[in-house]
Amino acid sequence: MSDQSLADQSPSDLDLNGEVYDGPILEIDKLSISFFTRLREIPAVMDFSAKVMPGEALGLVGESGCGKSTVALGVMQDLGVNGRIVGGSIKFKGRDLNTMSPEELRDIRGSQIAMIYQEPMASLNPAMKIGQQLMEVPMIHEGINEKAAYQRALEVVTDVKLPDPKRILNSYPHQLSGGQQQRIVIAMALMSKPSLLILDEPTTALDVTVEAAVVELVKDLGKKYGTSMLFISHNLGLVLETCDRICVMYSGEAVERGSIEDVFDKMRHPYTQALFRSIPLPGANKNDRPLVAIPGNFPLPHERPQGCNFGPRCDYFEAGRCDSQDIKMAPIEGDELHETRCLKSDEIDWNAPVVAGETKTKGEIGDVVLRMEDLRKYYEVNASSLFGSGTKKVVKANETLSFEARESETLAIVGESGCGKSTFAKVLMGLETATSGEILLYNESIGNTPIEKRSTKTIADVQMVFQNPFDTLNPSMTVGRQIIRALEIFKIGNNEGERRTRMLELLDLVKLPRAFADRMPRQLSGGQKQRVGIARAFAGDAKIVVADEPVSALDVSVQAAVTDLLMDIQREHKTTLLFISHDLSIVRYLSDRVMVMYLGHVVELGTTDQVFSPPYHPYTEALLSAVPIADTSVKKKHIVLEGDIPSAMNPPSGCPFQTRCNWKGHVPGGLCEKSVPPVRMVAEGHQIKCHLSDDDLASMEPVIQIAAE
Amino acid sequence: MDPLSWTGAVGAILNPALLVVSGLFIVAIILMIVLSFFAPPVTLQSNADGTVMAQGGIFGLVETAVRGLLFALLAVIVAYVVSGIVLPYGDAGIIGAVNKQFTPVWISLVVTFVVSIIYKRKLGIYGKLFDNIIGMVGFGLVMFWVFTAIYAGVFDMIATHDPLSQVSGLKNKVPGVPVPGADVMAPGSHYLLGGDNLARDVFSRMIHGSWIVVQIAPLATVFAFMVGITLGLPAGYFGGKFDTGLSFLANLVLAFPVILLFYLLVTPEMVETGIPSYMAAVLFIFPLIFALVLLNSRYHTQPALRTIILAIVLGVLGVLYLSLVNQAGTVLHFLPGWLDLFDVPGGILVVFVSVVFVNSPTIYRIVRGLAMDIKTRDYVAAAQTRGEGPWYIMLWEILPNARGPLIVDFCLRIGYATILLGTLGFFGLGLPPESPDWGSTINAGRGLLSIYPHPALVPAIALLSMVLGLNLLADGLREESLKD
Ligand SMILES: Nc1ncnc2c1ncn2[C@@H]1O[C@H](COP(=O)(O)OP(=O)(O)OP(=O)(O)O)[C@@H](O)[C@H]1O
Ligand code: SF4
Ligand code: SF4
Ligand SMILES: [Mg+2]
């Protein structure tokens, strides 16, 4: 058994009794799932149907809370104490999972269906060696002996492209990086040779370049093992790259279903259309082709409207028709297996161009407001912890950071985890002081002034918008109170009354109803909380706002609205926006200049156009290729980086990117490993930190190309 | 006059009923436990039309029976209570008479529950308590004693006799014994729960004891929390050397033999050196510091308003503090008599010092842990980036968001403090020996426990039910705060 390759004994052509089976692997029919809480029944999924054929990958997309995970858990028959399947059936290889006994289910779950979750650590036992955890699976389910199990573990670990498999098998989960852990989870799922693999946002916790590599891996393995996949994601681009078919969910229902091409290019549901219009595809532009946000909010499961769930937010809504009846999935003439849940799909002119919203004039870029000169921030850490005996290590979080930002300008700071974005923000805000170098705000040096010593004016001028909307507001204080507190601290308004008026104006500014002043944060949605966070940052008329991934935790339909809001405020107040992000699509959409960071170094800096077209820094090139783009007409150059981002504690010698660089071979004499490359100006205002020769840089091709229509 | 029997006339009907129902209840419970090993589990089957059907089987049947019997049992108990209240004094025996005495408490409890349940959706976490059976039972037990304490302590109701007066001839008499000389059947004509070894009324002492317990235990716990919070917040927030030092100290205190401390505190030599007084002076200043920092951090941006608020609050607290600390006959005696509003007996001071000493290290640790967790939140970072001072962040950004676990712990700790009060009394420390508080009475009754159990048993049951109530209440709160 062990000498046979796993791939040869593809399990998907055998049914549960070991006989040949060629029907659908998974067939979900009119499934309804409810959660029962103290107050009410929450219908999380209603009338949901889907089919996965052998070897096929089905993508399930939708906003947070639309019921994607619930479907997955329903298939796993793992809905917790208060969740229940209240209608419909789930057939796995022709047998209804609802009627199976717990023993049968347990058996199937372990061996035929495997699930991969968002958080890799959730599926790994921290106290057990990787090898043991992997071997356990077939030893329990197939009763094979230890040696055979070890062989198989070695094989799958090699398959998921982990370096030095033997060492990995002998290590504990916490000794691996996030990307490696997720690979182990995938390996574990593959140990039992499942026929169906359910992936619930498997890469959300990973960095973009690592995500690209994991997605690549999943795709290859799917082909190799012939495993069917149910791929859950909120990222349309990822689904485009991984799946054959797609199902779009909205508020507990499937609203559109079909092949990737049909749904991406010939969508027939207003929600799908609105979704595509709200994501920044190449070509969108904040001034003349702004994103179109979906108006309104996602309905809570118990507050769904009559008739069409999407009705209140739909541009094509027709009263008396859309809200008077339950709407069924209906096939679309002329397309195979393409269905939609919209009454008017035949009547809508799907090819009508986007109604161009008002064209906005770009704010005039003014004088330099903020200048960083050769900024460095080093941390000293005790290498051998316990008693901090002697050996101190220096972590270089920021190396020779130099740039300037002007009034009304958006400067994007791009990079993956550990590149020093947050450290930079902390130094700028005064929560930490710089090790060396200068920060000049209006020609006043603030780099070595901790926040307690800064003047109220300086503090009010530099403010921050945080990433996690669920964490950014104090849960025990009303929204209005929190804004008023900021006003008090910034010494704005002479009395409580004046401050209250100002607070209400700030709510207007971020387009929230004034009634929200008396609400508690938990009564607000993620997007609304983020707006309050923005209002608070602008309380003291901030000149510079550091936005640390302000929309990455929000749903796409809300992202557009919040981004637009930021842009509007910027135009009005001539704010300088430092936009920290790893999402290059949104960066391209809204920034004027881009700074790419890797392990504390600025590797590339230039205008948006310069950075997004060749010549690139090799890291920028890889980053661009890694970003999933939800557009079938976009052709991307395929670049996959090996390995993970090195830890800042142990940076590589020479060029920080040399451990993963694909271009390293072009530089003669191993220079990349020996010396840190100098900063070179390749064009007016475009700098790159790399040893590559001018010829090599000139030979680079664009990563993203839009096919001519 | 005749002695009262336990259940009087109604016993003829209710006692057999109670016997039968509780017998059946126990049988059903046993059956349920046995069946749970064999019978198939209860499953819910969804039908095609979307309805859900419970497949109970024999196990479900037994379960229903248990539930029914439980209600029957409750009904019998309610019957005892109601008959006691309604029938004239004496007709429903001792139990009836006791319930009659508790009438105002019963009414208050019913009103509290009805009002709370009607408005539970508007009452936040308190309202959610009424979705939780355990929490409701706990809350009921606690409120029973709180109401009893208030009616007895403030309005002098419920108790039938003075807790200190002795009636000759009733020494160690059994429950229901008539008081010599009383000739009308009326409250006060009997020692309802018997007499103790000094011929005092056990029932009345238990009632009056509740007032002492309900006053001292929560207050002492509040002080322990003040100390724990004031030290735990900065330890968790700043970390570093300060944290290491304090944590070491906390461990040291926890390792200290508490009993030894108690004895040290009351030895005359110690009292003479003035150490307990100084300890009290240090201990009681914490609430002042706490209020000062709390209000200053909040209002320092508006100096005028801040000064007014601080002057008022600190003025009031200051006077309270001084009269608390200042005491004739000790080293700290500096206030003129008219300013010294009240004196606290030395024994109670010992109680406070002990409760704080025993509890604050643990509270310190809990608060420190919570602060370390919460300080990583973005809203704390947001406060830092707008230049808030550390104390504002600790007291207004971190503390309110740590309240859930702290409230639960507070309930549990009142329970411990009550027991500690009893323990101290048991060693003859703390309160004066004739005090009717439960710990002291249990202690006093312990000598003759094997011959006359009732003088010790009655306060013991009271203490048990109150601590049980606090624990259940804490459980309920914890469970509810974990949900959503
Ligand atoms: N255990 C539960 N009890 C009550 N309601 C629940 C429970 N689990 C999920 N829900 C509700 O069911 C609905 C669907 O949730 P689900 O987790 O499937 O969404 P999702 O599409 O996976 O969202 P996300 O993208 O955030 O993972 C939501 O409204 C959610 O609040
Ligand atoms: S049914 Fe009506 S409301 Fe619903 S998506 Fe179609 S057009 Fe819009
Ligand atoms: S210096 Fe060398 S290793 Fe670094 S990015 Fe350039 S080519 Fe790659
Ligand atoms: Mg989910």
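**View 1. A salt bridge between Arg377(B) and Asp471(A).** In this close-up of the predicted model, the side chains of Arg377(B) and Asp471(A) meet in a salt bridge, with an N to O distance of 4.0 Å; a salt bridge is here a side-chain nitrogen of Lys or Arg within 4 Å of a carboxyl oxygen of Asp or Glu. Three salt bridges are counted between chain B and chain A, and 15 residue pairs, both at pLDDT 80 or more, are in polar contact between these chains. A polar contact is a pair of N or O atoms within 3.5 Å; within protein, one must be able to donate a hydrogen and the other to accept it, and residues adjacent in sequence count only if both atoms are side-chain atoms. The elements that give two or more residues to the side of chain B touching chain A are strand S1 (43-46), helix H12 (286-299), helix H15 (378-385) and helix H16 (390-398) of chain B, where helices (H or I, at least four residues) and strands (E, at least two) are DSSP runs numbered from the N terminus. H15(B) gives the most to this side, with six residues. By class, the side of chain B that touches chain A holds eight nonpolar, eleven polar and 13 charged residues; Ala, Val, Leu, Ile, Met, Phe, Trp, Tyr, Cys and Pro count as nonpolar, Asp, Glu, Lys and Arg as charged, and the others, Gly among them, as polar.

As to conventions, residues are numbered from 1 along each chain as its sequence is written, while chains are lettered from A and ligands numbered from 1 in the order in which they are written. Because the model is predicted, local features need pLDDT of at least 70 and side-chain atom pairs count only at pLDDT 80 or more, whereas totals for chains, interfaces and linings use all residues; side-chain values use heavy atoms, with hydrogens and water left out.

**View 2. The interface between chain B and chain A.** In this interface, 32 residues of chain B are in contact (heavy atoms within 4.5 Å) with 29 residues of chain A. The area buried between the two chains is about 2600 Å², of which carbon and sulfur atoms give 52%; buried area is the accessible area (1.4 Å probe) that two parts lose on being put together, summed over both. In chain B, Asp378(B), Thr385(B) and Arg386(B) lose the most area to chain A, together 27% of what that side buries.

**View 3. The surroundings of ligand 1.** Of the 15 residues around ligand 1, Ser64(A), Gly65(A), Lys68(A), Ser69(A) and Thr70(A) come nearest, a residue being near a molecule or strand if one of its heavy atoms lies within 4 Å of it. An oxygen atom of ligand 1 is 2.7 Å from a polar backbone atom of Gly65(A), a backbone N or O atom of Cys66(A) lies 3.2 Å from an oxygen atom of the ligand, and a polar side-chain atom of Ser69(A) lies 2.5 Å from an oxygen atom of ligand 1. Taken alone, ligand 1 exposes 640 Å², and the protein buries 66% of that; accessible areas come from the Shrake-Rupley method with a 1.4 Å probe, and for residues only the protein chains shown count as cover. Strand S2 (41-52) and helix H1 (68-75) of chain A are the elements that give two or more residues to this shell, and the largest share, three residues, comes from H1(A). The shell around ligand 1 divides into five nonpolar, seven polar and three charged residues.

**View 4. The shells around ligand 2 and ligand 3.** The residues around ligand 2 include His269(A), Cys308(A), Cys314(A), Cys322(A) and Cys342(A), and this shell divides into nine nonpolar, two polar and one charged. Around ligand 3, the residues include His617(A), Cys655(A), Cys661(A), Cys672(A), Cys690(A) and His691(A), and its shell divides into nine nonpolar, three polar and no charged.

**View 5. Backbone geometry in chain A.** Most residues other than glycine have a negative phi, and most peptide bonds are trans. Lys30(A), found in strand S1 (residues 26-36) of chain A, has a positive phi of about 45° although it is not a glycine. Phi of Glu201(A) is likewise positive, near 45°, and Glu201(A) lies in the loop between strand S7 (196-200) and helix H8 (208-225). A cis peptide bond, with omega about 0°, joins Pro614(A) and Pro615(A).
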